[in-house]
Amino acid sequence: MNRTWDELVTSALLGTGRRRPPVVARAGQDVAVALLDAAAVDTVRGRAGAAPAVAHARPAPAPLDARPPLPPAARRRLALLLADRSGGGAGRRGAAPDLTELLPQWLAAANAHGYQAPPELLPALLETARSRSDLRPEALVFAGPRARWLAALNPQWKYALRAGPAASTATSVWEEGLFAERAAFLASVRQRDPAAARDLLTGSWATERAEDRLMFLDALREGLSAQDEPFLERALSDRSRNVRATAAELLSALPGSALAARMAERARSCVSLDRTGEGEGPRIAVEAPHECDKGMQRDGVVVKPPSGRGERSWWLAQIVEAAPLAAWSERFGGRSPAGVVALPVADGWQPELHAAWCRAAVRQGDAEWARALLGPASAPPAAEGASWRDPAKLLSALPPQERAAWVAEFVSAHGLSDAFRLLGVCAVPWAEPLGRAIVDALDTARDAGGYPWSFSGVMGLAERCLDPAQADRLEGLTVLPEEPAADGSEAHASGTHASATAGAGSAAYWAEAFQRLVGTLRLRATMREELAGGDAGAVRPPSAGGRSR
């Protein structure tokens with residue numbers, strides 16, 4: 001009987017009771033069984049008559065990786081870190097460390113040791129980095145040349161192909177690659193040889209799209225120097241307003257540039273020292289520009305202000321933040337940055353002027369000006385007249401040790417409520433006295449009767465950034481306090497029952513949070529030892545108490 005495969009499938013889906021299949025059953029054989037027999041026969045016929053497929057060429061062997069292998073304990077640890085993808089997030093409960101948050105530190109430490117990735121874990125590593133872009137830079141360094149080899153065989157890992165081409169294909173990637181590949185290549189060249197990257201950009205600048213010119217220009221932030229000034233000066237005449245603005249911003253970060261000199265001249269015409277007040281000391285007088293001429297626009301001053309802001313104050317702010325900070329000491333009689341900042345400013349211009357100086361200090365990386373504008377850490381965070389201040393950005397201009405000391409003093413004076421952004425700019429692990437200040441502040445928050453999830457952001461940072469040496473100091477905070485003994489007074493018991501219950505509940509949550517913190521710190525210390533070559537025995541998942549065994 002002639003039949004097709006589709007007819008057999010249709011009869012099977014509808015049922016032989018509703019549609020008789022195109023088969024002939026043997027005597028005593030059920031029709032459904034005959035249908036299955038016919039399907040089996042047709043399947044064997046199809047396989048037997050199939051022509052063999054043309055074999056694909058075998059891929060070239062994976063490139064060699066000459067770096068040393070991981071110590072055994074570190075390899076087992078990596079397998080655990082890659083296997084854990086639960087990621088409980090900031091509001092998670094439980095005392096076990098969050099392994100997903102430790103993977104970035106582990107990769108950075110492994111790269112610092114110069115180890116190669118275990119071949120059997122490369123697929124899991126690339127798959128994890130595919131879903132977590134924050135891991136990719138360190139993950140691809142750790143994966144080495146085999147990452148590109150594997151990515152060529154699996155389209156889902158194509159991000160590894162954009163990370164940096166091999167030397168033999170560098171020219172073709174810059175000339176023919178996709179934008180993401182070209183941007184990554186330009187950034188990698190800029191890190192190794194700033195002049196070569198600038199030459200690449202100069203050669204293709206006239207043919208690039210405006211949006212691509214903007215992104216490529218941003219790559220020059222890495223290793224910015226006076227040698228980039230001629231190229232950036234030409235970019236001030238670009239057709240794109242955004243390109244011109246970025247070029248002007250980069251030039252203003254070079255205090256010796258011609259643009260910085262032009263901005264300094266404009267700033268001097270707007271800001272001066274006024275000594276005419278009777279019975280008053282000197283003060284700063286401000287006369288904002290009355291127009292934004294063509295020269296100002298070419299140097300990056302945007303004409304139209306944001307909604308709700310006046311034109312003249314908008315132009316003034318852009319001029320002051322682009323002027324070299326060194327010019328102000330000369331303008332104000334040789335005063336130091338602290339002396340200049342201490343001068344009163346007439347007519348309510350202080351917030352505008354100081355905010356522009358803050359942006360200039362960050363852009364030019366001037367620690368002395370940042371220090372003067374920050375003021376003492378013990379000052380109230382939102383002091384009157386200081387709403388212009390952005391401590392987190394100003395701190396980035398200070399040396400790491402001084403940055404940590406300032407934040408430690410801030411935390412000791414004001415607690416943790418306003419400290420999250422400040423902690424984010426401190427070097428890891430947190431240097432002393434910052435670590436001690438954080439531990440003390442957490443202890444104080446616990447004693448105040450709050451709940452740890454109110455400080456979940458700081459707790460998460462502490463797990464990743466505290467020095468593991470703080471674990472012993474924190475150990476005492478993981479124990480639940482003993483409940484006070486009842487004194488037999490019914491009135492006393494009824495009056496304190498609710499508060500005692502709430503206090504016991506928050507204490508339990510705090511104990512659990514500190515257990516997780518201590519466990520994470522000890523796990524980080526163990527990972528360091530494993531990467532240093534010490535095999536602490538079989539690696540096991542951390543216990544519920546949060547400790548790595």
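A: Helices are DSSP runs of H or I, at least four residues, numbered from the N terminus. The expected span of a helix is 1.5 Å times one less than its number of residues. As for ground rules, this is a predicted model: local features need pLDDT of at least 70, side-chain atom pairs count only at pLDDT 80 or more, and totals for chains, interfaces and linings use all residues. Residues are numbered from 1 along each chain as its sequence is written, and side-chain values use heavy atoms, leaving out hydrogens and water.

Q: What span should helix α4 (residues 99-113) have?
A: With 15 residues at 1.5 Å a residue, α4 should span 21 Å, and its end C-alpha atoms are 21 Å apart, which agrees. Just after α4, glycine 114 takes a positive phi of about 80 degrees.

Q: Which residues of helix α10 (residues 194-204) are buried?
A: Buried means under 20% relative accessible area, exposed over 50%, partly exposed in between (1.4 Å probe, protein chains only). In α10 the buried ones are Ala197, Arg198, Leu201 and Ser204. Seen down the axis of α10, they fall within an arc of 140 degrees (taken from the directions from the helix axis to the C-beta atoms), so they line one face of the helix. The face turned away from that buried side carries exposed Asp199 and Gly203.

Q: How many disulfides does the structure hold?
A: A disulfide is a covalent bond between the sulfur atoms of two cysteines; here the cut-off is a pair of sulfur atoms within 2.5 Å. The structure holds 0. The sulfur of cysteine 426 is 8.8 Å from the closest cysteine sulfur, in cysteine 465, too far for a bond.

Definitions and conventions: Helix = DSSP H or I, 4+ residues; strand = E, 2+ residues; numbered from the N terminus.
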